[in-house]
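Please brief me on the two chains shown here.

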Amino acid sequence: MGPDTDKTIFSSYVRKDGLFDEVFGKDGNVKSVYQKLLDLYGARSIEDYVSLNNKAKSSFFNQGITFQVYGDKQSQEKIFPFDLFPRIIDPKEWEIIEKGAIQRSLALNHFLWDVYHDKKIVKDGIVPIELLSSSPNYLHQMMDVDPPSKIYNHISGTDIIKHSDGNYYVLEDNIRCPSGVSYVICNRTALKRALFGVFNHYKTYTVTDYAENLLNLLESVKPPGVDSPVCVVITPGMFNSAYYEHSYLAKAMGVELVEGRDLFVENDFVYMKTTQGPVRVDVVYRRIDDLFIDPMEFHPDSTLGVPGLFAAYRKGNVTLANAPGTGVADDKAIYTYVPDIIKYYLGEEPILKNVHTYHCSRPDELQYVLDHISELVIKPVDEAGGYGISIGNKLTKEEIEEVKIKLKANPRKFVAQPIMSLSVHPTYIDSKESFEQRHIDLRTYTVLGQDKQFVLKGGLTRVALKEGNLIVNSSQGGGSKDTWVLKQ
Amino acid sequence: MAGLNCAHMFYEYEIDYDTQNSYEKGLNEAFWQFMVIPEDNETQEVTYWHFENDLGERNSVSENGLGFKTVQVRSKKVIDHIRFNAHFKLKKKEINPFDFDLPMNLNDEIEILNSLDFKVDHEPYLRKTRLTALPEQHRDIFLFDSNKSVFENLTDLNYWAFGHLYFKVGVTDVNTPLAEIIEKRHGVCQDFTHLFCAVAKNNGIPCRYVSGYLHQGIGFFGDSQMHAWAEAFVPNVGWIGFDPTNNLLANHNHIKVCHGKDYNDCAPLKGVVYTLGDNETKYSVLVKTAEEQQQQ
């Protein structure tokens, strides 16, 4: 054995003070849930690890699991950066996450029903009317529409972090078309190929049942009077960054993947064109944004949607998941009110904490934000994917001035939060040929159906691959890890 | 006053809407939605309708996102034009536009307008849209008089808008910004209506765009196409129709089809066609009284 092979996977791992490491405690001891994994692999060399990691990566390319980033000069397919070292979540902690995610999703569903019907929460002065009236996602057309089973946010992606105080906090609720679940399943598949032995030592919940559960819950919200519903997944098409996921989910659920032009509406019913003639469609899992689903009702020049779809929906002849208009509740300004929303509708204390948020639309809070930009994260209220975020302590003086101008010009468009210290996890960094600490978060997937809920036991751990970076979105150069929830 | 209005006066109208769309390069597949069916409400009732298109396709009656009736036609063949015709018979009640008790105390009105419940209930029609947002530089173009009631102010606004713009066809379209309309001072009924809505909303009055038919014959502006006017919400009274193109309150000559935040919610024809070439639209509207007046 040469001298290099003495380098084990953690021999050069540096733990920084002040960061919450998911694997190692403050004293440097391995946390109990990771102990077995380190017993099995801790003594292996980096070379061994790299060869296993490459084996796993090739399985991604072979499966065609790639994504594109908007705004790149050359659009090119990349694989979602992945590393073999999993994140393991203790069963007791998971219980909190799962209960908390369901609580939030149910409360937001109540909120959506209310703002599209009696608007009691606004009349009672809990949520300001301005947040609705200034939201482009608050759809006039959804007023007094009763979605099947009264469900709006069938699928929610709740982004959760662990702060250096050891508590979980919710960063945001994604209830339009949250994506990423296909990576969860592919990460697991890759891990099982490369490290199959490990699964004999850990009792880990499966994640590959997601599609089955999703289909089950989508079928439960079928329009009234339909016995065995026909479900489809509608995609904007192969140029969409999440096209792989759309096709994966359709295939895994055993339903058709369609584009707008594959469907048509006649007499307020939705049909799919097939070689055997038209087939009625009852449930549409739509991965097209609200304003593009029907050119008759929303963006008139959208060719992605289906003309007449909204009229069919309003009439109750088809279920759309998620319902149109859910975006009003995933506005980052509404986020601040989620603890109040939970108390108002459920009469419960929030299980998961919110990060304190300053509303730039409130003059005194705007002033605070302007005075403390370097200590805050500034986020646009209506963007997803980590676009438009400024992290105060990473800005130059000039950039701070630019942010101030933007904030003053359009305060309603921004919120600010203290810079949270996301927990870190050992992550293999190719260029360094070693493990280093990187910040992570967790996107959980919650599905609401008729009288039942499902939270995927795992979720997507996203990793900010650049050292010190806090933005984990794949569009911002983030990677991911397989996430294990252990059985008790 | 209210008692006298029970005279059961009815007007009977016949309406003919006809449109022809030609497509230079032809179409493989197309979908059209016509929003031309008069609304059934307290003052009007459709007693007959008939739809025809020359493609031999089905005319399906549906509803738009705000609950107004539409006719949808889907073509599955290669075509280069569509002709669509709608024919209606309608009973319209005699309307006395002043059939309400004039307000209560001004302070009570202001209190209602400023109340949270009122702002929440009327949020959709207080919300400004691209076509109904008063440009910043024209914010003070028409100010409400705090010594007058809401209704009086709206009547003044109607008269002011009528005078501020002159009616001219072909100089504006649905994409013309409100600032340009205000500055060039010309336009058609849509522009008068958007201007009225913008000022009313700017003063905290819920206001909506109405699309419909105008029975002409008395020399009103409105050309031989569909007409537009506004409905504003007067506290303790309800929605009242104002026709700023003609400086009128909406009356028995105004046959309502639908309302919305602005023209975009009410476009009489929306279509999705898959073609590369140009297209041309022609249409005509004819409104006539079937019999002069009929006493029941």
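The points below go from whole chains to single residues.

This is a predicted model, in which local features need pLDDT of at least 70, side-chain atom pairs count only at pLDDT 80 or more, and totals for chains, interfaces and linings use all residues. Residues are numbered from 1 along each chain as its sequence is written, while chains are lettered from A and ligands numbered from 1 in the order in which they are written.

**Chain A overall**

- Chain A holds 13 helices and 22 strands. Helices (H or I, at least four residues) and strands (E, at least two) are DSSP runs, numbered from the N terminus.
- A compact globule of 488 residues would have a radius of gyration near 23 Å, and chain A agrees with its 23 Å. The radius is taken over C-alpha atoms, and the globule rule is 2.2 Å times the number of residues to the power 0.38.
- The C-alpha atoms of chain A fill a box of roughly 75 × 60 × 45 Å along the principal axes.
- Buried residues are 45% of the 488 in chain A. A residue is buried if 20 or more other C-beta atoms lie within 10 Å of its own, exposed if 12 or fewer, and partly exposed in between, with C-beta atoms placed from the backbone.
- Of the contacts in chain A between residues at least 6 apart in sequence, 70% join residues at least 24 apart. Two residues are in contact if their C-beta atoms, placed from the backbone, lie within 7 Å.

**Chain A domains**

- Chain A is split into domain 1 (92–186 + 206–346) and domain 2 (356–418). Such bounds come from an automatic or database domain assignment.
- The C-alpha centres of domain 1 and domain 2 of chain A lie 29 Å apart. Their contact takes seven residues from domain 1 of chain A and eight residues from domain 2 of chain A.
- On the domain 1 side, helix H10 (residues 332–335) of chain A gives the most, with three residues.
- That side of domain 1 of chain A has two nonpolar, three polar and two charged residues. Ala, Val, Leu, Ile, Met, Phe, Trp, Tyr, Cys and Pro count as nonpolar, Asp, Glu, Lys and Arg as charged, and the others, Gly among them, as polar.

**Helices of chain A**

- Helix H3 (residues 91–115) and helix H11 (residues 338–346) of chain A pack at about 75°, with axes 9 Å apart. Axes are lines fitted to C-alpha atoms, for helices over the stretch in contact, and angles run from 0 to 180 degrees between N-to-C directions.
- H3(A) is therefore roughly perpendicular to H11(A), a label for angles of 65 to 115 degrees.
- Residues in this contact include Leu106(A) and Phe111(A) of H3(A), and Ile341(A) and Tyr345(A) of H11(A). By class, the contact has nine nonpolar, two polar and one charged residues.
- Helix H8 (residues 243–253) of chain A has several buried residues, among them Tyr244(A), Glu245(A) and His246(A). Just after H8(A), Gly254(A) takes a positive phi of about 75°.

**Chain B overall**

- Chain B has seven helices and 15 strands.
- With 296 residues, a compact globule would have a radius of gyration near 19 Å, and the 20 Å of chain B agrees.
- Its C-alpha atoms fill a box of roughly 65 × 50 × 35 Å along the principal axes.
- Buried residues make up 39% of chain B.

**Chain B domains**

- Chain B is divided into domain 1 (2–93 + 267–295) and domain 2 (106–266). Their C-alpha centres are 24 Å apart.
- 22 residues of domain 1 of chain B are in contact with 18 residues of domain 2 of chain B. S15(B) supplies the largest share of the domain 1 side, five residues.
- That side of domain 1 of chain B divides into 15 nonpolar, four polar and three charged residues.

**Thr193(B)**

- Thr193(B) sits in helix H6 (residues 189–202) of chain B. Thr193(B) counts as buried because 31 C-beta neighbours lie inside 10 Å.
- Leaving aside neighbours within four places in sequence, Thr193(B) is in contact with Tyr209(B), Ala228(B), Trp229(B), Ala230(B) and Pro244(B).

**Between the chains**

- 21 residues of chain B are in contact with 23 residues of chain A.
- H2(B) gives the largest share of the chain B side, four residues.
- By class, that side of chain B has seven nonpolar, six polar and eight charged residues.

Notes
Angles under 35 degrees count as roughly parallel, over 145 as roughly antiparallel, 65 to 115 as roughly perpendicular and the rest as oblique.
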